Every structure is written in C-alpha cells, then in structure tokens.
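Keep the structure open while reading.

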Amino acid sequence: ALARVLDELRASHPGCIPLVVDDGSTDATAKVAREHGARCVVMPRNVGIGIGSTLLARRCRRSRRRTRY
C-alpha cells in the first residue's frame with residue numbers, strides 16, 4: 001500500500017519529495033519508502049503519532065530553509 005501511495009503522489013505532484021516517518025516499525029517501511037523516492041525519518045522505537053508528527057514538521061521546516069527558489 002505504501003509503495004502505491006508514494007508512486008501516485010509523485011505522479012500527481014512532479015518534483016514532490018514525500019517524507020515518511022518510520023515510527024519503530026518492524027516491517028520494511030523505510031526501505032520501501034526510500035525505494036519509491038521518499039525521504040525517511042526513522043525512529044528507533046515507537047514514540048507515538050504526536051512526536052512523529054512534530055519531528056516530521058521540524059524536518060520539513062529545516063528542508064524548506066535550505067531550498068532556494
């Protein structure tokens with residue numbers, strides 16, 4: 001499911017680089033996300049949606065500051 005979502009997102013938004021939080025999963029979430037063009041924030045253990053969302057927002061802000069238009 002993740003691979004399909006990322007492929008559809010990138011097809012509908014060219015140039016988009018999706019960000020995925022791997023919140024301590026035991027499957028191949030980070031690997032699949034990277035293989036389909038996403039950048040990953042990988043947590044060593046499950047920290048919950050609140051912390052994961054906060055870290056993702058911080059990563060987006062840092063990434064945006066480095067982008068020149």
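Asp22 is buried (under 20% relative accessible area, with exposed over 50%, partly exposed in between, 1.4 Å probe, protein chains only).

The model is predicted: local features need pLDDT of at least 70, side-chain atom pairs count only at pLDDT 80 or more, and totals for chains, interfaces and linings use all residues. Residues are numbered from 1 along each chain as its sequence is written, and side-chain values use heavy atoms, without hydrogens and water.

What lies around Asp22? Asp22 touches Thr29, Ala30, Val41, Val42 and Met43, leaving aside residues up to four places away in sequence. Contact here means heavy atoms within 4.5 Å. A polar atom of the Asp22 side chain lies 3.5 Å from the backbone nitrogen of Ala30.

## Thr29 at the helix

Thr29 belongs to helix H2, residues 29-35. Helices (H or I, at least four residues) and strands (E, at least two) are DSSP runs, numbered from the N terminus. Thr29 counts as buried because its relative accessible area is 17%.

The Thr29 side chain makes a polar contact with the side chain of Asp27, at 2.5 Å. A polar contact is a pair of N or O atoms within 3.5 Å; within protein, one must be able to donate a hydrogen and the other to accept it, and residues adjacent in sequence count only if both atoms are side-chain atoms. Beyond four places in sequence, Thr29 touches Leu2, Val20 and Asp22.

## Strands and crossover

Asp22 sits in strand S1, residues 19-23. S1 runs parallel to strand S2, residues 39-43, and five bridges join them. Two strands pair if DSSP finds at least two bridges between them. Asp23 stands opposite Met43 in S2.

S1, H2 and S2 form a right-handed β-α-β unit. Right-handed means that, with the strands pointing away from the viewer, the path from the first strand over the helix to the second runs clockwise.

Gly24 is in the loop between S1 and H2. Gly24 is classed as partly exposed because its relative accessible area is 28%. Gly24 and Pro44 are 20 residues apart in sequence, yet 5.3 Å apart in space, C-alpha to C-alpha. Gly24 touches Met43, Pro44, Arg45 and Asn46, not counting residues up to four places away in sequence.

## Where is the salt bridge?

A search of the whole structure finds one salt bridge. The side chains of Lys31 and Glu35 meet in it, at 2.9 Å, N to O. Both residues lie in H2, four residues apart, about one turn of the helix.

## Whole-chain view

The protein has three helices and two strands. Along the sequence they follow the pattern α-β-α-β-α. Of the 69 residues, 19% count as buried. Among contacts with a separation of 6 or more, 33% come from residues 24 or more positions apart.

Key:
Lys, Arg positive; Asp, Glu negative; His and termini not counted. Salt bridge = Lys/Arg side-chain N within 4 Å of Asp/Glu carboxyl O.
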